[in-house]
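Work through the exercises below with the sequence and the 3D view side by side. Try each task before reading its solution.

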Amino acid sequence: MTATDRSLELIHTAAQAAADKLAHDVIAYDVSDVLSITDAFLLASAPNDRQVRAIVDEIEERLQKELGAKPVRREGDRESRWILLDYVDIVVHVQHSEERVFYALERLWKDCPELDLPADAAATRGKAEEHAKLQAAEGDQEPDGEW
């Protein structure tokens with residue numbers, strides 16, 4: 001069994017919405033062969049809680065406006081470290097970068113086929129690593145006292 005056309009449409013729209021809000025490392029897996037409860041997972045991350053919420057809000061708004069889809073469940077809003085949107089056909093995981101590294105969902109689903117995503121979403125690959133290196137480099141620089 002493979003992901004349905006509806007699932008792919010939801011994944012593409014959600015992935016583009018995440019990319020538009022500068023999500024990092026957007027990836028999608030077809031999990032229909034191993035799970036009976038959903039067809040696909042979309043994973044995305046962001047370096048801070050505010051951006052996690054912004055990405056989730058954009059995904060929710062776009063799926064509602066463009067495809068008439070509402071999540072049946074939304075979890076993780078309180079801390080905004082890992083928010084899950086369950087659309088039955090797909091499940092969207094938007095995680096803070098630290099949670100993404102710690103839980104490493106990609107390792108769990110690496111044997112599932114990766115789904116093609118819009119070019120903007122595919123271009124987000126490696127952004128979390130770039131961001132971490134930039135943050136580390138900025139942290140190594142001492143302020144010189146001049147503003």
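**Exercise 1.** Find how exposed Glu61 is, then examine its salt bridge with Lys65.

Solution. Step 1: Glu61 has a relative accessible area of 45%, so this residue is partly exposed; buried means under 20%, exposed over 50%, and partly exposed in between (1.4 Å probe, protein chains only). Step 2: Lys65, at 63%, is exposed. Step 3: the closest N and O atoms of the two are 3.7 Å apart; a salt bridge needs a side-chain nitrogen of Lys or Arg within 4 Å of a carboxyl oxygen of Asp or Glu. Helices (H or I, at least four residues) and strands (E, at least two) are DSSP runs, numbered from the N terminus.

The model is predicted: local features need pLDDT of at least 70 and side-chain atom pairs pLDDT 80 or more, while totals for chains, interfaces and linings use all residues. Residues are numbered from 1 along each chain as its sequence is written, and side-chain values use heavy atoms, leaving out hydrogens and water.

**Exercise 2.** Are Glu58 and Arg62 buried or exposed, and which network holds them?

Solution. Step 1: both residues are buried. Step 2: their salt bridge has its closest N and O atoms 2.9 Å apart. Step 3: salt bridges link Asp20, Glu58, Arg62 and Glu66 in a network.

**Exercise 3.** Locate the partners of the salt bridge between Arg74 and Glu60.

Solution. Step 1: the closest N and O atoms are 2.1 Å apart. Step 2: Arg74 belongs to strand 3 (residues 73-75) and Glu60 to helix 2, 14 residues apart. Step 3: Arg74 is partly exposed, at 28%.
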